[in-house]
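Hi,

Here is the structure I promised to pass on.

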Amino acid sequence: ETNSIAKYSGNNVSIDDSLNLKSYTTTQRDALTSAAGDVIYNSTTNEPQYFNGSSWASMVAPTVFNISALIVAGGGSGGASNGGGGGAGGYRNSYASETSGAGSATEDQLSITTGNNYTITVGSGGAGGGDQGADGNASVVSDKTSTGGGGGGRGDSSGSKHGRDGGSGGGSSSQGTSIGNVGTGTAGQGKNGGAGTTDNVSYRYGGGGGGANAVGSNASGSGGGAGGAGLSSSITGSAVTRSVGGGGNTGTPGGTNEGDGGGGGSFGNNGANGGSGVVIIRWTTSSATLDATRTGLTDGGVQTSGSDSYIIFTAGTGTISFS
(Lines give C-alpha, C1' and ligand atoms only; values in the text may rest on other atoms or scores of the structure.)
Protein backbone atom coordinates (compact mmCIF):
# COMPACT_ATOMS: atom_id res chain seq x y z
CA GLU A 1 0.00 0.00 0.00
CA THR A 2 1.26 3.48 -0.80
CA ASN A 3 0.90 4.71 2.80
CA SER A 4 3.12 1.90 4.13
CA ILE A 5 6.27 2.51 2.05
CA ALA A 6 8.17 5.80 1.87
CA LYS A 7 10.84 6.72 -0.72
CA TYR A 8 13.66 9.02 0.32
CA SER A 9 16.33 10.77 -1.69
CA GLY A 10 19.09 8.44 -2.79
CA ASN A 11 18.48 4.68 -2.58
CA ASN A 12 16.78 4.37 0.80
CA VAL A 13 13.29 2.92 1.23
CA SER A 14 11.38 2.95 4.54
CA ILE A 15 8.98 0.07 5.37
CA ASP A 16 6.64 0.51 8.34
CA ASP A 17 6.19 -3.22 9.07
CA SER A 18 8.53 -6.24 8.98
CA LEU A 19 9.51 -7.51 5.52
CA ASN A 20 8.16 -11.01 4.83
CA LEU A 21 10.26 -12.75 2.15
CA LYS A 22 8.61 -15.26 -0.15
CA SER A 23 9.19 -18.75 1.32
CA TYR A 24 10.41 -21.70 -0.77
CA THR A 25 11.68 -25.17 0.01
CA THR A 26 15.10 -26.04 -1.40
CA THR A 27 13.41 -28.08 -4.15
CA GLN A 28 11.09 -25.20 -5.06
CA ARG A 29 13.98 -22.73 -4.97
CA ASP A 30 16.06 -24.81 -7.36
CA ALA A 31 13.16 -24.89 -9.84
CA LEU A 32 13.06 -21.06 -10.05
CA THR A 33 14.45 -19.07 -12.96
CA SER A 34 16.54 -16.73 -10.83
CA ALA A 35 18.48 -13.56 -11.48
CA ALA A 36 21.42 -12.22 -9.50
CA GLY A 37 20.13 -10.31 -6.46
CA ASP A 38 16.97 -12.38 -5.91
CA VAL A 39 16.26 -12.96 -2.20
CA ILE A 40 14.05 -15.67 -0.65
CA TYR A 41 13.45 -17.43 2.65
CA ASN A 42 14.47 -21.13 2.48
CA SER A 43 11.98 -23.04 4.63
CA THR A 44 14.05 -26.25 4.36
CA THR A 45 17.16 -24.73 5.97
CA ASN A 46 15.27 -21.96 7.85
CA GLU A 47 17.38 -19.09 6.54
CA PRO A 48 17.22 -16.18 4.10
CA GLN A 49 19.24 -16.75 0.93
CA TYR A 50 20.25 -14.69 -2.12
CA PHE A 51 21.14 -15.68 -5.66
CA ASN A 52 24.64 -14.51 -6.62
CA GLY A 53 24.21 -15.17 -10.32
CA SER A 54 25.36 -18.79 -10.26
CA SER A 55 24.18 -20.32 -6.95
CA TRP A 56 22.16 -19.64 -3.82
CA ALA A 57 24.12 -18.35 -0.83
CA SER A 58 23.12 -18.10 2.81
CA MET A 59 22.62 -14.73 4.46
CA VAL A 60 23.27 -16.28 7.89
CA ALA A 61 26.80 -16.20 9.31
CA PRO A 62 28.33 -19.71 9.44
CA THR A 63 28.57 -21.52 12.76
CA VAL A 64 31.88 -22.91 14.01
CA PHE A 65 31.74 -25.92 16.34
CA ASN A 66 33.75 -29.02 17.27
CA ILE A 67 33.27 -32.68 16.45
CA SER A 68 34.92 -35.77 17.91
CA ALA A 69 36.15 -38.45 15.51
CA LEU A 70 37.28 -42.06 15.71
CA ILE A 71 39.31 -42.79 12.59
CA VAL A 72 40.29 -46.44 12.08
CA ALA A 73 42.15 -47.50 8.94
CA GLY A 74 41.95 -50.87 7.21
CA GLY A 75 44.08 -53.68 8.67
CA GLY A 76 46.94 -55.33 6.79
CA SER A 77 46.58 -58.90 5.54
CA GLY A 78 48.62 -61.80 6.89
CA GLY A 79 51.63 -63.26 5.14
CA ALA A 80 51.38 -66.68 3.48
CA SER A 81 52.77 -70.07 4.48
CA ASN A 82 53.68 -69.82 8.17
CA GLY A 83 53.26 -66.09 7.78
CA GLY A 84 53.23 -63.20 10.19
CA GLY A 85 49.97 -61.53 11.14
CA GLY A 86 48.90 -58.28 9.52
CA GLY A 87 49.16 -55.08 11.50
CA ALA A 88 45.98 -53.35 12.66
CA GLY A 89 44.80 -50.19 10.96
CA GLY A 90 45.96 -46.91 12.44
CA TYR A 91 43.74 -45.71 15.30
CA ARG A 92 43.12 -42.01 16.00
CA ASN A 93 40.57 -40.88 18.57
CA SER A 94 39.44 -37.43 19.69
CA TYR A 95 36.37 -38.49 21.70
CA ALA A 96 36.08 -37.56 25.39
CA SER A 97 39.30 -38.52 27.20
CA GLU A 98 39.78 -41.88 25.50
CA THR A 99 43.23 -43.13 24.56
CA SER A 100 44.38 -42.82 20.96
CA GLY A 101 46.68 -45.32 19.22
CA ALA A 102 50.02 -46.48 20.64
CA GLY A 103 49.13 -45.21 24.11
CA SER A 104 48.91 -41.58 23.01
CA ALA A 105 46.66 -38.94 24.54
CA THR A 106 43.24 -38.06 23.17
CA GLU A 107 43.64 -35.98 20.03
CA ASP A 108 42.20 -32.49 19.62
CA GLN A 109 38.67 -32.27 18.26
CA LEU A 110 38.13 -31.05 14.72
CA SER A 111 36.85 -27.53 14.15
CA ILE A 112 33.95 -27.52 11.70
CA THR A 113 32.30 -24.58 9.89
CA THR A 114 28.74 -24.92 8.64
CA GLY A 115 28.46 -24.77 4.86
CA ASN A 116 31.94 -26.17 4.21
CA ASN A 117 32.66 -29.60 2.74
CA TYR A 118 34.84 -32.12 4.60
CA THR A 119 36.32 -35.31 3.17
CA ILE A 120 35.52 -38.70 4.66
CA THR A 121 37.25 -41.91 3.52
CA VAL A 122 36.83 -45.38 5.02
CA GLY A 123 39.88 -47.55 4.27
CA SER A 124 39.45 -51.15 3.09
CA GLY A 125 41.51 -54.01 4.49
CA GLY A 126 44.52 -55.47 2.70
CA ALA A 127 43.76 -58.49 0.51
CA GLY A 128 45.30 -61.82 1.48
CA GLY A 129 47.44 -63.50 -1.16
CA GLY A 130 50.26 -65.90 -1.85
CA ASP A 131 53.16 -63.80 -0.63
CA GLN A 132 53.91 -61.04 1.83
CA GLY A 133 50.71 -59.54 3.21
CA ALA A 134 49.22 -56.39 1.66
CA ASP A 135 48.87 -53.11 3.55
CA GLY A 136 45.44 -51.85 4.58
CA ASN A 137 44.13 -48.58 3.21
CA ALA A 138 43.98 -45.23 5.00
CA SER A 139 40.88 -43.69 6.58
CA VAL A 140 40.45 -39.92 6.54
CA VAL A 141 38.41 -37.18 8.20
CA SER A 142 39.23 -33.74 6.81
CA ASP A 143 42.99 -33.28 7.40
CA LYS A 144 43.38 -36.24 9.78
CA THR A 145 44.56 -39.53 8.29
CA SER A 146 44.92 -42.96 9.89
CA THR A 147 47.48 -45.14 8.11
CA GLY A 148 46.58 -48.63 6.89
CA GLY A 149 48.04 -51.58 8.81
CA GLY A 150 51.22 -53.21 7.50
CA GLY A 151 51.12 -56.63 5.83
CA GLY A 152 52.68 -59.68 7.50
CA GLY A 153 55.84 -61.42 6.27
CA ARG A 154 55.78 -64.70 4.34
CA GLY A 155 57.40 -67.90 5.66
CA ASP A 156 59.04 -70.86 3.83
CA SER A 157 61.47 -70.27 0.98
CA SER A 158 59.99 -67.56 -1.24
CA GLY A 159 58.65 -64.01 -1.04
CA SER A 160 59.51 -61.45 1.62
CA LYS A 161 59.82 -62.58 5.23
CA HIS A 162 59.68 -59.01 6.57
CA GLY A 163 56.65 -57.44 8.21
CA ARG A 164 55.57 -54.23 6.53
CA ASP A 165 55.38 -50.83 8.23
CA GLY A 166 51.94 -49.29 8.72
CA GLY A 167 49.46 -47.86 11.22
CA SER A 168 50.49 -50.92 13.22
CA GLY A 169 53.36 -53.01 11.88
CA GLY A 170 53.00 -56.46 10.38
CA GLY A 171 54.57 -59.50 12.06
CA SER A 172 57.63 -61.05 10.41
CA SER A 173 58.25 -64.67 9.49
CA SER A 174 61.31 -66.72 8.62
CA GLN A 175 62.99 -68.48 5.72
CA GLY A 176 65.58 -71.09 6.51
CA THR A 177 67.38 -69.84 9.57
CA SER A 178 66.81 -66.19 8.67
CA ILE A 179 64.11 -64.23 10.50
CA GLY A 180 62.60 -61.14 8.89
CA ASN A 181 62.38 -57.66 10.32
CA VAL A 182 59.18 -56.71 12.10
CA GLY A 183 56.96 -53.96 10.70
CA THR A 184 57.02 -50.64 12.52
CA GLY A 185 53.86 -48.89 13.70
CA THR A 186 53.08 -45.20 13.21
CA ALA A 187 53.52 -42.88 16.18
CA GLY A 188 50.18 -42.06 17.79
CA GLN A 189 48.38 -44.76 15.80
CA GLY A 190 49.67 -48.28 16.51
CA LYS A 191 52.42 -50.61 17.68
CA ASN A 192 55.11 -52.76 16.03
CA GLY A 193 54.62 -56.33 14.87
CA GLY A 194 56.18 -59.38 16.52
CA ALA A 195 59.07 -61.47 15.20
CA GLY A 196 58.89 -64.89 13.58
CA THR A 197 61.03 -67.79 14.68
CA THR A 198 62.63 -70.90 13.22
CA ASP A 199 65.05 -73.73 13.82
CA ASN A 200 64.80 -74.75 10.14
CA VAL A 201 63.74 -78.27 11.14
CA SER A 202 60.85 -78.59 13.58
CA TYR A 203 59.01 -75.32 13.30
CA ARG A 204 58.71 -72.06 11.42
CA TYR A 205 56.12 -69.62 12.68
CA GLY A 206 55.15 -65.99 12.10
CA GLY A 207 54.96 -63.22 14.66
CA GLY A 208 51.71 -61.44 15.51
CA GLY A 209 50.77 -58.17 13.88
CA GLY A 210 50.89 -55.04 15.99
CA GLY A 211 47.67 -53.68 17.51
CA ALA A 212 46.59 -50.19 18.44
CA ASN A 213 47.44 -50.82 22.08
CA ALA A 214 50.18 -53.47 22.13
CA VAL A 215 53.09 -54.91 20.19
CA GLY A 216 52.43 -58.20 18.41
CA SER A 217 53.83 -61.24 20.25
CA ASN A 218 56.89 -63.07 18.96
CA ALA A 219 56.42 -66.57 17.61
CA SER A 220 57.74 -69.52 19.61
CA GLY A 221 58.36 -73.21 19.14
CA SER A 222 54.73 -73.93 19.91
CA GLY A 223 53.12 -71.61 17.34
CA GLY A 224 52.69 -68.18 15.84
CA GLY A 225 52.63 -65.04 17.92
CA ALA A 226 49.35 -63.48 19.04
CA GLY A 227 48.28 -60.18 17.55
CA GLY A 228 48.67 -57.06 19.63
CA ALA A 229 45.69 -55.80 21.63
CA GLY A 230 43.36 -53.14 20.27
CA LEU A 231 41.63 -50.21 21.93
CA SER A 232 38.06 -49.68 23.12
CA SER A 233 35.93 -46.62 22.40
CA SER A 234 32.44 -45.64 23.57
CA ILE A 235 31.96 -42.92 20.95
CA THR A 236 28.61 -44.52 20.03
CA GLY A 237 27.57 -44.96 23.65
CA SER A 238 28.67 -48.61 23.80
CA ALA A 239 32.24 -49.84 24.26
CA VAL A 240 33.68 -51.55 21.17
CA THR A 241 37.28 -52.79 20.74
CA ARG A 242 38.95 -52.25 17.38
CA SER A 243 42.38 -52.40 15.68
CA VAL A 244 43.57 -55.79 16.99
CA GLY A 245 46.65 -57.25 15.30
CA GLY A 246 46.41 -60.47 13.27
CA GLY A 247 47.89 -63.65 14.75
CA GLY A 248 50.79 -65.50 13.13
CA ASN A 249 49.79 -68.76 11.37
CA THR A 250 46.10 -68.42 12.28
CA GLY A 251 44.50 -67.71 8.92
CA THR A 252 41.78 -65.67 10.67
CA PRO A 253 40.49 -62.62 8.76
CA GLY A 254 40.16 -59.25 10.44
CA GLY A 255 36.70 -58.13 11.53
CA THR A 256 34.65 -55.94 9.18
CA ASN A 257 34.76 -52.25 10.18
CA GLU A 258 37.11 -53.06 13.04
CA GLY A 259 40.46 -52.40 11.35
CA ASP A 260 41.92 -55.70 12.58
CA GLY A 261 44.93 -57.30 10.96
CA GLY A 262 44.47 -60.57 9.05
CA GLY A 263 46.04 -63.74 10.38
CA GLY A 264 49.11 -65.25 8.76
CA GLY A 265 48.51 -68.41 6.72
CA SER A 266 49.52 -71.86 7.91
CA PHE A 267 52.13 -73.78 5.90
CA GLY A 268 51.24 -73.69 2.18
CA ASN A 269 48.21 -71.42 2.69
CA ASN A 270 47.56 -67.77 1.96
CA GLY A 271 47.30 -65.14 4.65
CA ALA A 272 43.86 -63.83 5.59
CA ASN A 273 42.35 -60.50 4.61
CA GLY A 274 42.69 -57.51 6.87
CA GLY A 275 39.48 -56.01 8.28
CA SER A 276 38.01 -52.84 6.81
CA GLY A 277 38.23 -49.64 8.81
CA VAL A 278 35.52 -47.32 10.11
CA VAL A 279 34.97 -43.60 10.67
CA ILE A 280 32.66 -42.36 13.43
CA ILE A 281 31.99 -38.69 14.16
CA ARG A 282 30.05 -37.24 17.10
CA TRP A 283 28.86 -33.72 17.89
CA THR A 284 26.46 -31.82 20.17
CA THR A 285 23.07 -32.11 18.50
CA SER A 286 22.14 -28.48 19.10
CA SER A 287 25.32 -27.22 17.38
CA ALA A 288 24.44 -28.15 13.80
CA THR A 289 22.63 -30.54 11.48
CA LEU A 290 24.47 -33.00 9.24
CA ASP A 291 23.34 -32.46 5.66
CA ALA A 292 21.65 -35.39 3.90
CA THR A 293 23.90 -35.41 0.81
CA ARG A 294 26.77 -37.84 1.41
CA THR A 295 27.41 -39.21 -2.09
CA GLY A 296 29.92 -42.06 -2.26
CA LEU A 297 29.69 -42.96 1.43
CA THR A 298 27.89 -45.80 3.19
CA ASP A 299 26.47 -45.01 6.63
CA GLY A 300 23.68 -45.99 8.99
CA GLY A 301 22.19 -42.52 9.29
CA VAL A 302 22.42 -40.03 12.14
CA GLN A 303 21.78 -41.52 15.58
CA THR A 304 21.63 -39.97 19.05
CA SER A 305 23.28 -40.64 22.40
CA GLY A 306 22.09 -38.31 25.13
CA SER A 307 22.47 -34.71 23.95
CA ASP A 308 24.85 -35.75 21.15
CA SER A 309 24.43 -37.05 17.62
CA TYR A 310 26.76 -39.48 15.85
CA ILE A 311 27.08 -41.26 12.53
CA ILE A 312 29.05 -44.38 11.54
CA PHE A 313 30.62 -44.48 8.07
CA THR A 314 31.34 -48.05 6.99
CA ALA A 315 32.61 -47.73 3.40
CA GLY A 316 33.45 -45.36 0.56
CA THR A 317 34.82 -41.89 0.11
CA GLY A 318 32.97 -38.61 -0.25
CA THR A 319 32.25 -35.30 1.45
CA ILE A 320 29.96 -34.19 4.24
CA SER A 321 28.70 -30.76 5.33
CA PHE A 322 26.71 -29.29 8.19
CA SER A 323 24.08 -26.58 8.36
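How much space lies in the largest pocket? About 590 Å³. Before the rest, the ground rules: this is a predicted model, where local features need pLDDT of at least 70, side-chain atom pairs count only at pLDDT 80 or more, and totals for chains, interfaces and linings use all residues. Residues are numbered from 1 along each chain as its sequence is written, and side-chain values use heavy atoms, with hydrogens and water left out.

On terms, a pocket is an open set of points on a 1 Å grid over the protein atoms alone, where a 1.4 Å probe fits, with protein on both sides within 12 Å along at least five of seven lines; lining residues have an atom within 4 Å of a point. Points are joined across faces, edges and corners, and the volume is the space filled by probe spheres set on them.

The pocket first. Its lining has 22 residues, and Thr45, Glu47, Gln49, Phe322 and Ser323 lie nearest the centre. Helix H1 (26-30), strand E5 (47-51) and strand E6 (56-58) are the elements that give two or more residues to that lining; helices (H or I, at least four residues) and strands (E, at least two) are DSSP runs, numbered from the N terminus. By class there are five nonpolar, 14 polar and three charged lining residues (Ala, Val, Leu, Ile, Met, Phe, Trp, Tyr, Cys and Pro count as nonpolar, Asp, Glu, Lys and Arg as charged, the others, Gly among them, as polar).

Now the rings. A search of the whole structure turns up three aromatic pairs (rings of Phe, Tyr and Trp, its six-membered ring, with centres within 6.5 Å; planes under 30 degrees apart are stacked, over 60 edge-to-face, the rest tilted). Phe51 and Trp56 make a tilted pair, because their centres are 5.3 Å apart and their planes at 55°. Both Phe51 and Trp56 are buried (under 20% relative accessible area; exposed is over 50%, partly exposed in between, with a 1.4 Å probe and protein chains only).

Phe65 and Phe322 have ring centres 5.2 Å apart and planes at 80°, so this pair is edge-to-face. Phe65 sits in strand E7 (residues 64-72) and Phe322 in the segment after strand E22 (308-320), so the pair ties together parts 257 residues apart in sequence. Phe65 is buried at 7% relative accessible area, and Phe322 is buried too, at 1%. Ring pairs also join Phe65, Trp283 and Phe322 into a cluster.

Ile112 belongs to strand E9 (residues 110-113) and is buried, at 2% relative accessibility. Leaving aside neighbours within four places in sequence, Ile112 is in contact with Thr63, Val64, Phe65, Ile67, Tyr118 and Phe322 (contact means heavy atoms within 4.5 Å).

Two other residues are worth a line each. Ser305, in strand E21 (residues 303-305), is buried at 19% relative accessible area; apart from neighbours within four places in sequence, Ser305 is in contact with Thr236, Gly237, Arg282 and Tyr310. Thr99 is in the loop between strand E8 (91-93) and E9 and is partly exposed, at 35%.

Cheers
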